[in-house]
There are 2 protein chains.
Amino acid sequence: MKTLTLPSISEMDLTAVCAALGDPVRMKIVQCLARSGEKNCSGFEVEHISKSTLSHHIKILRESGLIQPRFQGKEHFYSLRKEDLDRRFPGMVEMLLNEPASKE
Amino acid sequence: MKTLTLPSISEMDLTAVCAALGDPVRMKIVQCLARSGEKNCSGFEVEHISKSTLSHHIKILRESGLIQPRFQGKEHFYSLRKEDLDRRFPGMVEMLLNEPASKE
DNA sequence: TCTATTGTTTGATATTTTTCGAACTGAAAA
DNA sequence: TTTTCAGTTCGAAAAATATCAAACAATAGA
């Protein structure tokens with residue numbers, strides 16, 4: 001059975017969220033999800049990165065509260081926790097959307 | 001003569017700004033400046049940190065575009081680049097102000 | 001001029017983070 | 001059941017970051 005930890009809205013920590021966004025690969029993933037909704041790992045527009053590294057970045061994004069998974073068969077679909085983020089950090093998601101996608 | 005590099009508004013990079021804010025000491029400094037305007041190093045509410053480490057953090061904040069210095073005698077006064085940040089990343093400063101000061 | 005003050009820079013070390021390949025897990029398909 | 005597929009976890013190595021003390025720089029004041 002799959003038990004995974006998602007921080008609640010009040011558990012989200014701004015410093016941790018900023019640290020998560022402070023890596024170019026993770027910023028790219030988040031902007032990708034913010035623009036185009038749900039995606040699985042192969043849908044993130046990042047290149048030249050091993051799947052274990054990608055999994056590591058996903059974990060950091062999830063644990064900071066930025067993204068959430070949905071399991072369907074053998075695939076893990078990820079999406080931005082837009083509503084939760086809007087409530088916890090108003091303006092943040094819009095700021096990410098306003099920004100042209102960073103180069104990897 | 002003192003020549004120091006401040007990024008222009010268009011040179012500011014969101015990922016670099018987030019990385020700068022992703023450290024608890026630096027987050028504390030930025031929130032302190034956002035709330036109370038200009039301060040010199042001894043005015044930052046951070047403890048148990050050497051002056052060389054503090055200087056290092058200040059450099060990262062300055063180079064990311066978050067803060068700017070003003071030299072007066074032997075003191076260096078730092079302030080948030082609020083207007084520039086408002087223009088480049090609308091909502092960011094307000095988000096920092098909405099957040100209760102992080103614990104060191 | 002000498003000294004104290006405010007802060008930066010340098011060099012070194014410790015810690016954290018990023019990265020990968022290999023092994024593993026769970027689910028679907030053959 | 002065996003294989004394949006999508007992804008995670010583990011263990012190790014490399015790279016980046018945080019930290020400090022000591023040395024340095026610039027200014028103000030005695």
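The expected span of a helix is 1.5 Å times one less than its number of residues. Keep that in mind as we walk through this predicted model.

**Stop 1: helix H2 of chain A.** Select residues 24–36 of chain A, which make up H2(A). This helix has 13 residues and runs 18 Å from its first C-alpha to its last, close to the 18 Å expected at 1.5 Å a residue.

Now colour it by burial. Is H2(A) mostly covered or mostly open? It's mostly covered, with 10 of its 13 residues buried. Click through some of the buried ones, including A:Val25, A:Met27, A:Ile29 and A:Leu33.

Stop 2: Show the side chain of A:Asp23, which caps the N-terminal end of H2(A). One of its side-chain oxygens sits 2.9 Å from the backbone nitrogen of A:Val25.

**Stop 3: where the chains meet.** Bring chain B into view. Here, 20 residues of chain A are in contact with 20 residues of chain B. About 1,500 Å² is buried between the two chains, and carbon and sulfur atoms give 67% of that area.

Next, pick A:Arg88 and B:Glu99: they form a salt bridge, with their closest N and O atoms 2.9 Å apart. The count between chain A and chain B is two salt bridges.

Which helix gives the most to the side of chain A that touches chain B? Select H1(A), residues 14–21: this helix gives the most, with five residues. Overall, that side of chain A divides into 11 nonpolar, four polar and five charged residues.

Note on methods: Residues numbered from 1 in each chain as written. Chains lettered and ligands numbered in written order. Predicted model: local features only at pLDDT ≥ 70, side-chain atom pairs only at ≥ 80, totals over all residues. Heavy atoms only, no water. Contact = heavy atoms within 4.5 Å. Buried area = accessible area lost by both parts, 1.4 Å probe. Salt bridge = Lys/Arg side-chain N within 4 Å of Asp/Glu carboxyl O. Helix = DSSP H or I, 4+ residues; strand = E, 2+ residues; numbered from the N terminus. Nonpolar A, V, L, I, M, F, W, Y, C, P; charged D, E, K, R; others polar. Buried < 20%, exposed > 50% of the residue type's maximum accessible area, 1.4 Å probe, protein only. Polar contact = N/O pair within 3.5 Å; in protein donor to acceptor, adjacent residues only side chain to side chain.
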